[in-house]
Amino acid sequence: MSPDAIRDALFACLGQIAPEAEASEIDPGRSLREQLDLDSMDFLRFAVAVHGRLGVEIPEADYPRLATLESAIAYLGEKVGR
């Protein structure tokens, strides 16, 4: 799966959790939780949505790897490529 396809999937998942978020305004290197004001339950719902959309198992210990857009794309690229 290409990084662009992963990015699109992440934006779709974020749209479910934070519908007011504008993809064009997200800084790929900054914390998604800070930028979108996500609490821990929102972030958990995001991780579950990513799992459902991409079929990737995301252990709780790996949640920090979803912290920024660029780290999430890199992490999911590794997982999808397996």
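**Entry 1, ground rules.** I am working from a predicted model, in which local features need pLDDT of at least 70 and side-chain atom pairs count only at pLDDT 80 or more, while totals for chains, interfaces and linings use all residues. Residues are numbered from 1 along each chain as its sequence is written, and side-chain values use heavy atoms, with hydrogens and water left out.

I looked up the largest nonpolar core, which has 25 residues; the term stands for a set of buried Ala, Val, Leu, Ile, Met, Phe, Trp, Tyr and Cys residues joined through side-chain atoms within 4.5 Å. Buried means under 20% relative accessible area, exposed over 50%, and partly exposed in between, with a 1.4 Å probe and protein chains only. The members that touch the most other members are Leu10, Leu14, Phe46, Val50, Ile58, Leu66 and Leu76. At least two residues of this core come from each of helix H1 (3–17), helix H2 (32–36), helix H3 (40–54) and helix H4 (69–80); helices (H or I, at least four residues) are DSSP runs, numbered from the N terminus.

I then listed the partners of Leu66, taking contact as heavy atoms within 4.5 Å. Leaving aside neighbours within four places in sequence, I find Leu66 in contact with Leu32, Phe43, Phe46, Ala47, Ile58, Ser71, Ala72, Tyr75 and Leu76.

How do the axes of H1 and H3 cross? They come within 9 Å and cross at roughly 135°, the axes being lines fitted to C-alpha atoms, for helices over the stretch in contact, with angles that run from 0 to 180 degrees between N-to-C directions. H1 is therefore oblique to H3, given that angles under 35 degrees count as roughly parallel, over 145 as roughly antiparallel, 65 to 115 as roughly perpendicular and the rest as oblique.

On the H1 side of the contact I noted Ala9, Leu10, Ala12, Cys13, Leu14, Gln16 and Ile17, which meet Asp42, Arg45, Phe46, Ala49, Val50, Arg53 and Leu54 in H3. By class, this contact has 10 nonpolar, 1 polar and 3 charged residues, where Ala, Val, Leu, Ile, Met, Phe, Trp, Tyr, Cys and Pro count as nonpolar, Asp, Glu, Lys and Arg as charged, and the others, Gly among them, as polar.

Leaving aside neighbours within four places in sequence, Asp42 is in contact with Ile17 and Asp37. Asp37 sits in the loop between H2 and H3 and, at 67% relative accessibility, counts as exposed. I marked the backbone of Asp37 as well, where phi is near 55°, a positive value in a residue other than glycine. Most residues other than glycine have a negative phi.

Ala72 lies in H4 and counts as buried, at 0% relative accessibility. Not counting residues up to four places away in sequence, Ala72 touches Leu10, Arg65 and Leu66.

I looked up two residues here, Val56 and Pro59. Val56 is buried, with a relative accessible area of 5%, and touches His51, Leu76, Lys79 and Val80, not counting residues up to four places away in sequence. Pro59 is partly exposed, with a relative accessible area of 37%, and, leaving aside neighbours within four places in sequence, is in contact with Tyr75 and Lys79. The C-alpha atoms of Pro59 and Ala47, 12 residues apart along the chain, are separated by 9.5 Å.

Between the C-alpha atoms of Pro19 and Leu36, which are 17 residues apart along the chain, I noted a separation of 9.9 Å.
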